[in-house]
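Student: Could we go through the charged pairs in this one, and then look at how the chains meet?

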Amino acid sequence: MVGKSKRAFVVAVGLGFGLNFYGSLPAAAQSIEDKTQVCAGCHGQDGKPIDKTIPVIWGQQQGYLYIQLRDFKRNDRKNEIMQPIVSSMERQDMMDIAEYFSNKPWPDLGQPRASKDVSDRALSANHSVGCTGCHLDHFQGDGTVPRLAGQSREYMAKTIADFRSRARGNNPGMTDLMLATSPDDLAALSEYLSGL
Amino acid sequence: MNRFSIGCAALCGAVGLLTAAASAQEVKQETKSASGQAKVSPVTQQLLNAADKSATNFLLTNGNYAQTRFHPAKQIDRDNVKKLHVAWIFQTDVKESLETSPIVVDGVMYVTTSFSHVYALDAKTGVQLWHYNHKMGPITTYCCGPNNRGVQILGDLVYVATLDSKLVALNAKTGDVVWKSDIADPELGYSETMAPTVIKDKVLIGTNGGEYGIRGFVKAFDAKTGKLLWTFNTTPESSVGVWATKDATGRDMHRDIQAEKDQLAKTGDPYQKLGGGVWQNPSVDLATNRIYFVVGNPSPDLDGSNRPGDNLYTDSLVSLDLDTGKYACHFQYIAHDLWDLDAVSPTVLVDVKGKDGKTIPGVIHAGKTGHIYVHDRRDCSLIRFSEAMVPQENMWVLPTKEGARMLPGANGGVEWSPIATDPEQSLAYAINLHQPMNYFVENSPYPNGKLWLGGAFKAIPTEAQAGNITAVNYNTGKIKWQVKTPEPMIGGILATAGGLVFTGEGNGKFAAYNSSNGKELWNFRAGAGVNAPPSSYMVGGKQYIVVGAGGNTQVDFHRGNNIIAFSLD
């Protein structure tokens, strides 16, 4: 499946799941495996997403995953696939799902290490803007701040663009920082971070 | 993320050693692992009140309730400090930003690390006695590193505040949790990196969050039970103030008062999401039963368009009654701040010369602006401000979409680093940053507990950064001496009766200087940034200097995990 038909499939699955989040079982009887089964459809059975513009969530920071699920439901972060999926999740579901994925090992997407020139440029941009001030040493993240190291390059480039255009509106602080950083620096950062 | 198998954790737990090495991530293990007990007698209030006179202990984050960071031990002095060498090193399990002030009582040392760990060590040998590994909640929201600046003890309880905004009381002997209280909701942007100040029956704590649209506070909790006693909100319901157009030094801040008044008429008083965190310990005047602290920046940092008015009491010195938490006086350094040049370095209570030359009780604060401010303790009024300790250019240029250059940069001047004082010399010692920055402004609505800077501050890559150690006479405002350093300074400084000051640099250098003239007398290379305030103490008749060397997140200095103690023989 490619392109639109794949997207249509995923949307259909998402809608179906979202409308019947609890399926035929009461919520309490659903195991965490049941609750998270739909996620593998996009984010990958083995943690490697089916598309490069879909983020790795395996091994991501628990607080960050929870906040994104919460923001999708609140419509602070817009995504036509995620929104139906979260529509009937309660806060505890989101916490449980976030904890489940945070305990998974981060997959190796096989992205290449950035060249010295690109790395130097990325680190210089970091020194100027202060990314590691929140994303911490080695860009591992913590709590509600996401890990960037080894994330999909295409997903990060798209996210940066969405922050800049405010298409992603759930972190104005990040929007401000991305607007204050040059596109060349941002491209170097995506390349550098994906290769970590 | 490094993980050890369950088997190893159980075995290692049994012998009281944690072996899982953590880098940026905290170690995910059991809550506590104890190999022994800390043999320490209960710390009385009398001992704490007399902390400034104790050459043996180091009982409070900044030495004593006045926060002078002047230690009375004089065994190590200007003549023999060149013989100072490492006595021991303790390597914590957390290799991340280290800002702790080591506390020492009865030969037992208490230190904290990033992610709110607490260790009890034998102060003579550095051997671990116990380790509290705080079970952190999944939601933590903090801007500048997962730091922790230390504990305080009263009685047989050790108090620590955590990144997930809790206050925890531990048994000083064993590290067992005695009580835990929630301070505020991390999901709304609240967190803790400061050490508490404990006095009589109260634990005093401020909050982080000025970058997240919180409503800042200082809270007092019952020391025995953890019950909340009082809350002082640092942003009062009427926060607009007097519409000051000049800062404390008399410089014009280019405010458009009419535009702000128009905004006020439209949206009302912005106090509820106005920021005003309190990052550092208050000083306590035991004679008058009053506390003095400084309040951080308004939210969002760079964009003032949605927060009309002076934004009281952000960027201010504030004094409260200790028992009730009621307001006593304040002084605002910068009204309607747009540069994040807020007040963070903790206050110090010293006698100072008033405007008429008479000696009066004073309170001083070293600002991100680069000035040391000297106040009358009775009414918070400003007596004088010092010469600028760092270059100042284009002061109060308004941030723009394209970026506007101003010195100092947004970290200062003096950041959260505590100063030291030597009352005999009337000197205050401050460590400064020089980081040329461009200030950018962007407008966005309140983001529900997310980062809310209202723009960005960017270091200018083509302009060199630097730092300095400056001694200022607080009775004249003049700089007595200044040592320039190759990198911006953040951490802290200690003065001793041996005529020395000790401070460290991000490149790993830890040095002793003659406190009268700034001559460097000794140094050591620690291998990671020395970005923490040093302490001093005595065990078995021997004086030690101790400091953390773990680097810093905010200024990105090389990370480590060492606590290093030095002595003469």
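Student: Is Arg255(B) buried or exposed?

Tutor: In this predicted model, Arg255(B) is buried, with a relative accessible area of 12%, where buried means under 20%, exposed over 50% and partly exposed in between (1.4 Å probe, protein chains only).

Student: And what does Arg255(B) form a salt bridge with?

Tutor: Its partner is Glu260(B), with the closest N and O atoms 2.8 Å apart; a salt bridge here is a side-chain nitrogen of Lys or Arg within 4 Å of a carboxyl oxygen of Asp or Glu. Glu260(B) also counts as buried, at 7% relative accessibility.

Student: What should I keep in mind about the ground rules?

Tutor: The model is predicted, local features need pLDDT of at least 70, side-chain atom pairs count only at pLDDT 80 or more, and totals for chains, interfaces and linings use all residues. Side-chain values use heavy atoms, without hydrogens and water, residues are numbered from 1 along each chain as its sequence is written, and chains are lettered from A and ligands numbered from 1 in the order in which they are written.

Student: New topic: how many salt bridges are there between chain A and chain B?

Tutor: There are four, and one pair is Glu187(B) with Arg91(A), at 2.5 Å from N to O. Both residues belong to a network of salt bridges that also links Arg70(A), Asp71(A) and Lys450(B).

Student: How many residues of each chain are in contact?

Tutor: Counting heavy atoms within 4.5 Å as contact, 38 residues of chain A meet 38 residues of chain B.
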